[in-house]
Amino acid sequence: MADRVGQQKKRGSGGRTTPGIVPPDPLSVDPVMRPWAEFTRLIHDELYAVGDPATRLSQSELGRKANISRAHMSNIFAGRAYTWQTCRALVAALGGDPAEWESRHRMTEERVRQGAVDLAGLIPLPGAGSATESAREIRDWDSRRGRRWRGLTRWLRALTRRGEGGSDESREGTLHRTISAAAKIVRRAEADYYLTPRFSVLADAPVASRRKRSIRRAGWKREPPRPRTIRELYAASGKSLMLIAQPGLGKSTQLAKLARHLAAEALAASQAGHRHQLPVLLDLATYRKSERLEDWIATAAHRQRGVAEARARLLLAEDALLPILDGLDTVPEADREECVTQLRRFQEKCTGLVVSCRTADEELARRVGALLSVELAAPTTDDVQNYLLADQAALTDVKAALDDDESLWELFLSPLMLKIIHRTYAGRTAPELKVSADLRTRTELIFDAYVKRMLTEGPESRYRPEQTLTWLTWLARTLSGRGEQIFHLDRVGVDWLPKRGHTLFAILDGSFAPTFVTLLTCLWLMAADRMGVLDTDFAQAGQVVLIGAIMTVAVAIGSRGGFADQDEKGGYLWMFGWIAGGALLCGQVAPDVRWSDSGVRVLCLVYLWVAVASLEGTFRSAHVPVEQIRWTLRPRMTIAPSQRFFALGVIPLAVIGAQAVLFGYVFSLLLPGGLWFAATLLLVLIYGLGDNIEPSLRDKRPRPNEGTRRSARFAFLLGSANAIAVALTILLLFWIAAPGTPPDRLWLAVGLFAPLYGVLRAVRFGGMAAALHWIIRLIMVIRGGTPLRYQRFLHHAEQCILLHSTGNGFVFPHSLFQQYLNTPARDLTARLGLLSDSR
């Protein structure tokens with residue numbers, strides 16, 4: 001599309017054109033859009049038209065500089081509406097202050113909304129009453145009856161709502177947690193030192209190329225560093241900031257400071273009745289190119305900072321969440337290009353984004369296209385000298401080593417290394433600082449001395465130093481391999497196990513519920529046989545149990561173990577192969593079973609119910625910790641559109657059918673009369689109501705592994721509640737409708753269905769997650785990666801300042817320290833000279 005008509009030209013042959021953009025005329029546009037035309041006219045007059053006409057950019061050039069398409073630029077200068085993201089980019093491209101124009105943009109939006117309301121009041125819709133009638137309707141809605149209806153509407157909407165809302169209480173709770181977490185990071189980083197941060201503003205250094213009117217960006221031009229605060233820089237950035245720094249200079253600490261300031265401001269605004277964006281500090285290392293940035297932010301906000309995932313998605317949709325993303329350079333190399341693309345797209349869609357990156361990946365950071373990029377400069381030599389003089393008595397040998405060897409300044413200009421050196425050599429000699437070596441070797445020597453001192457001179461513990469080091473190196477290797485930095489004990493899943501352990505886990509996972517159900521059913525059959533109610537051949541029942549065990553193991557290995565080392569096609573072949581092999585093996589046993597035996601039939605029907613009910617776990621995972629529950633008409637299910645018919649139609653009907661056949665058959669055997677239909681209907685209804693319970697995770701966990709403890713607690717409570725409900729339903733039904741029912745048969749019915757309901761509900765809601773967590777932990781202990789009392793060990797490592805707690809998780813003091821521990825434990829133990837009798 002050509003530039004907008006109205007470009008002014010210099011007359012004369014051979015003269016070049018002088019570009020100029022014609023502003024919109026507010027009187028010639030639609031009255032509804034007139035505020036936008038006036039707003040764009042202000043931008044033109046105050047920012048564009050103030051410079052030399054000969055140096056003004058054309059509309060196309062301005063669009064390229066602001067990263068706005070030509071069509072969108074034409075709409076802007078035609079008096080159309082545009083978002084604050086577009087306005088921010090346009091103002092920044094013209095050299096204006098985005099913070100100054102944000103309020104003007106918001107006022108324009110409000111004028112447009114008010115104008116639409118006024119016009120709607122002037123021109124009534126066909127069939128509508130007068131303004132007086134409309135006002136009366138509104139007053140009626142605000143009356144007591146209206147409030148009642150609104151309360152009922154909100155209650156019904158809450159039942160069908162899938163996620164948590166962004167209420168003021170939820171917002172304030174999230175802000176309080178953000179302030180607390182960020183303040184903890186800042187206090188920990190500045191516990192032993194305080195250095196005034198200095199920042200350099202990075203500006204593009206354009207270089208004219210051979211093509212006319214084109215600009216090639218050659219890199220960043222740095223201004224001299226000077227003391228500033230990260231909050232001041234964010235205010236000047238128009239809510240689009242890129243922070244780069246060398247490793248160990250404290251960019252994560254600066255982002256934590258920014259998150260603390262913004263959260264405190266948002267909290268004050270929320271208490272005053274205003275809405276500000278909620279900052280959330282996230283680590284970008286877990287991003288993968290297979291997911292959209294918004295989806296990753298919602299998941300990471302929940303996993304890293306305890307924000308409910310549904311609430312995070314709602315805040316993103318409302319443009320009320322401010323992501324502060326740390327570590328663009330820590331994204332896996334194969335995913336970085338897509339991450340940059342997603343960040344650029346997110347900036348065009350939402351207001352507010354802060355990203356940090358290492359200076360070595362400056363080109364990667366530049367492609368994000370933030371409105372303001374700054375670099376955190378290293379401390380000056382005067383800062384370091386003042387720091388050493390503040391504790392001169394303890395750091396005498398350190399200062400002497402620095403005076404003798406000026407090459408050590410490269411180490412001392414890093415706040416991280418300055419802290420490590422202080423903790424390692426305070427009140428001691430510093431022989432590692434006097435070794436002539438390169439920077440990397442000296443850094444490793446200092447880390448060696450630090451770890452050895454923390455392990456040998458730290459708090460007393462039952463763990464030997466080489467044990468602690470072995471478990472820490474395993475944790476560092478595992479986190480680095482997963483691209484993560486925060487370790488949550490209650491989030492350890494099967495993906496933490498080696499591939500060889502997946503098959504064992506699949507067998508235990510698949511046989512967990514059937515084992516309990518089989519045990520309960522066999523005990524019930526023994527009781528019924530002893531009471532003379534049922535005549536069961538236990539040899540035949542044993543064959544049925546054998547068939548069930550064979551198929552359970554075959555399906556478990558086939559459905560889970562086959563996909564670990566193969567592609568999707570090979571995984572399906574593996575699955576069908578194991579199922580077919582199990583079916584052939586069962587075919588050798590099945591002909592000898594007398595299927596007419598009543599006990600055998602009961603056992604088979606119980607197996608059928610459990611097998612069909614387990615299919616629901618495909619769409620409602622039972623492995624997730626259950627920390628809080630709610631009842632809803634529409635529980636959340638992880639299904640694709642192509643699976644809706646199967647998940648919402650076939651499986652529920654199959655579960656109801658299996659239940660009806662089992663209940664009807666057992667009631668017809670035990671209880672006379674026609675009440676078996678009513679009892680079956682009530683039990684199916686109880687199961688259906690229990691299926692609408694939706695588990696979720698808590699926003700805040702007071703201590704590590706709280707998710708596992710809560711899951712076990714909910715499993716017990718829900719299992720007991722379902723068992724009691726089933727028992728009372730059966731007893732009350734037959735006590736009211738058939739008071740002459742034999743008590744032994746009635747209690748047999750209760751003794752079968754109440755425990756079955758209780759076990760299935762306990763397994764489904766928390767029991768499976770808690771049991772599999774401890775199974776995974778046991779496998780990790782057997783392989784030597786972790787101790788049995790892992791939480792106690794993590795707290796011991798925190799006391800030794802080898803780990804830091806963050807919320808209910810743990811993190812290494814710095815990513816450089818995690819990289820240092822990402823090495824075989826045997827090599828590091830030998831280098832440190834840590835023997836079994838070192839204590």
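Visitor: What percentage of the 839 residues of the protein count as buried?
Guide: The protein is a predicted model, in which local features need pLDDT of at least 70 and side-chain atom pairs count only at pLDDT 80 or more, while totals for chains, interfaces and linings use all residues. Residues are numbered from 1 along each chain as its sequence is written, and side-chain values use heavy atoms, with hydrogens and water left out. Buried means under 20% relative accessible area, exposed over 50% and partly exposed in between, with a 1.4 Å probe and protein chains only. On that scale, the buried part of the 839 residues is 48%.

Visitor: How many helices and strands are there in the protein?
Guide: Helices (H or I, at least four residues) and strands (E, at least two) are DSSP runs, numbered from the N terminus. Counted in this way, the protein has 31 helices and 13 strands.

Visitor: At what angle do the axes of helix 19 and helix 31 cross?
Guide: Two packed helices are described by the angle between their axes and the distance between the axes. Axes here are lines fitted to C-alpha atoms, for helices over the stretch in contact, and angles run from 0 to 180 degrees between N-to-C directions. The axes of helix 19 (residues 439–457) and helix 31 (residues 825–832) come within 10 Å, and they cross at roughly 85°.

Visitor: Is Thr-443 buried or exposed?
Guide: Thr-443 lies in helix 19, and, not counting residues up to four places away in sequence, Thr-443 touches Leu-411 and Met-417. With a relative accessible area of 19%, Thr-443 is buried.

Visitor: Which residues is Arg-226 in contact with, leaving aside its neighbours within four places in sequence?
Guide: Arg-226 has its place in strand 3 (residues 226–227) and is partly exposed, with a relative accessible area of 45%. Its C-alpha atom is separated by 9.4 Å from that of Val-201, 25 residues apart along the chain. Leaving aside those sequence neighbours, Arg-226 is in contact with Pro-197, Arg-198 and Phe-199.

Visitor: What is the positive phi of Ile-801?
Guide: Ile-801 lies in the loop between helix 29 (790–799) and strand 12 (804–806), and counts as partly exposed at 25% relative accessibility. Although Ile-801 is not a glycine, its phi is positive, at about 60°.

Note on methods. Contact means heavy atoms within 4.5 Å.
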